[in-house]
Amino acid sequence: MVEAITFHDAQSTFVTLGEIHAAAQRTLDSSVWDFLEGGAGAEWTLAANRAAVDAWAFRPRVLRGTAPPDLSTTLLGVELAMPVLVAPFGADRLFHPEGHRAVTAAVQEAGIASIVPEAGSFSLETLAKEAPGAARFFQLHALGSDEMFLGLAGRARDAGYAALCVTVDSPVDGWRERNKTNRFGLDTSAMEGNHDSAEELFGPMLRNDEPVWTWARLAALARRAGMPFLAKGVLVGEDAHEAVEAGACAVYVSNHGGRQLDGAPATLTQLPEIVRAVEGRVPVIIDGGFRRGTDILKALALGADAVTLGRPIAYGLAAGGREGVAAVLDLLRREMRATMTLLGRATVADLGPTAVQKAER
Ligand SMILES: Cc1cc2nc3c(=O)[nH]c(=O)nc-3n(C[C@H](O)[C@H](O)[C@H](O)COP(=O)(O)O)c2cc1C
């Protein structure tokens, strides 16, 4: 006999992302919190990412005898238990001493993959050794010398990463006003997992004297490195086209979580334009403001092959290390499964443009 129906998992400390968000904020020093939570300029783009998700509603189907949901998918040869990846975020030790060591352990347990950041606290080799199933993509910036790029790419290849994820939206640092107001001094040692000094990586970005990077230069370097690459930070169809022509194995729609160009459009708004430009030649992934299972399913319906998450993972990390990240991923997985059933869709491939419509408010 059922004696009581509970609405939460009684084993878990956290039962909503809202609780994890609040716990992270309680844990972190307020200027570190602002560094994590904030965006560039007036934070218009940061807010636009969320508004764009809320601009879509679902078109559920009922009584179709739909089988229990299966969230699994394959991206660039990597099997994922759900179409979710961890976005690369640097300075991870500021949020928890174990940083990406805790993240990749939780990610491996969840059967998905991480995009390990160049500017992280731990080396790409350490993470590949500790969580070989999770550390599958290595992010580096289109910045600095050819030798630096090739050195990192070669290390990622030797450590068994499936592909590079090249950030193309950060030739200079975004205009982050919360950090300025707080007189925030970022501890660069938290970003030196892959570099001898943060100057090596961030010097050109902060001085704004970077020699010009182009799609042709990136294509030539990736070829020399013998590594496939995803292009992270694409926001318009013309660049999606350029990325594919340059040999990108995937287009990653991102405005850096609103942290770079304020006034850049919301990622979900741009997704249909980019899906059209790519014409199915390579997978499309997206990030920016996705906080719920329902948000992720909207992006899949609009043509994304996977969704990456930045801040939600960092909230989990700050709130509870490995267990905090595991809680975030478990909540998303369970919410997505329930939503798939409510939508009358059994597999990720069943989610197409007919699963959503523009919301009327
Ligand atoms: C604290 C922090 C550090 C980040 N560091 C990097 C980085 O070093 N390189 C990069 O390409 N993106 C970086 N990002 C951007 C993320 O990869 C991702 O694009 C963004 O967080 C997605 O938006 P969301 O936080 O709303 O999920 C960072 C984001 C955060 C929050």
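Hi everyone. Two notes on the model before we start. It is predicted, so local features need pLDDT of at least 70 and side-chain atom pairs count only at pLDDT 80 or more, while totals for chains, interfaces and linings use all residues. Residues are numbered from 1 along each chain as its sequence is written, and side-chain values use heavy atoms, with hydrogens and water left out.

Let's begin with the record.

Where is histidine 256? Look in the loop between β9 (250–253) and α11 (267–278). Helices (H or I, at least four residues) and strands (E, at least two) are DSSP runs, numbered from the N terminus. Is histidine 256 buried or exposed? It is buried, because its relative accessible area is 18%, and buried means under 20%, exposed over 50%, partly exposed in between (1.4 Å probe, protein chains only). Leaving aside neighbours within four places in sequence, histidine 256 is in contact (heavy atoms within 4.5 Å) with Thr167, Asp169, Ser170, Arg176 and Lys232. With aspartate 169, the histidine 256 side chain makes a side-chain polar contact of 2.9 Å. That term means a pair of N or O atoms within 3.5 Å; within protein, one must be able to donate a hydrogen and the other to accept it, and residues adjacent in sequence count only if both atoms are side-chain atoms.

Arginine 259 also lies in the loop between β9 and α11. It is buried, at 13% relative accessible area. Its side chain reaches the backbone oxygen of leucine 36 at 3.0 Å. Not counting residues up to four places away in sequence, arginine 259 touches several residues, including Phe35, Gly174, Arg176 and Arg311.

Finally, please find helix α6, residues 146–158. Its buried residues include Met148, Phe149 and Leu152, and the buried residues of α6 pack against α5 (124–130), β6 (135–141), β7 (163–167), α8 (198–207) and α9 (215–225). Just after α6, glycine 160 takes a positive phi of about 95 degrees.

Conventions
Expected span 1.5 Å × (residues − 1).
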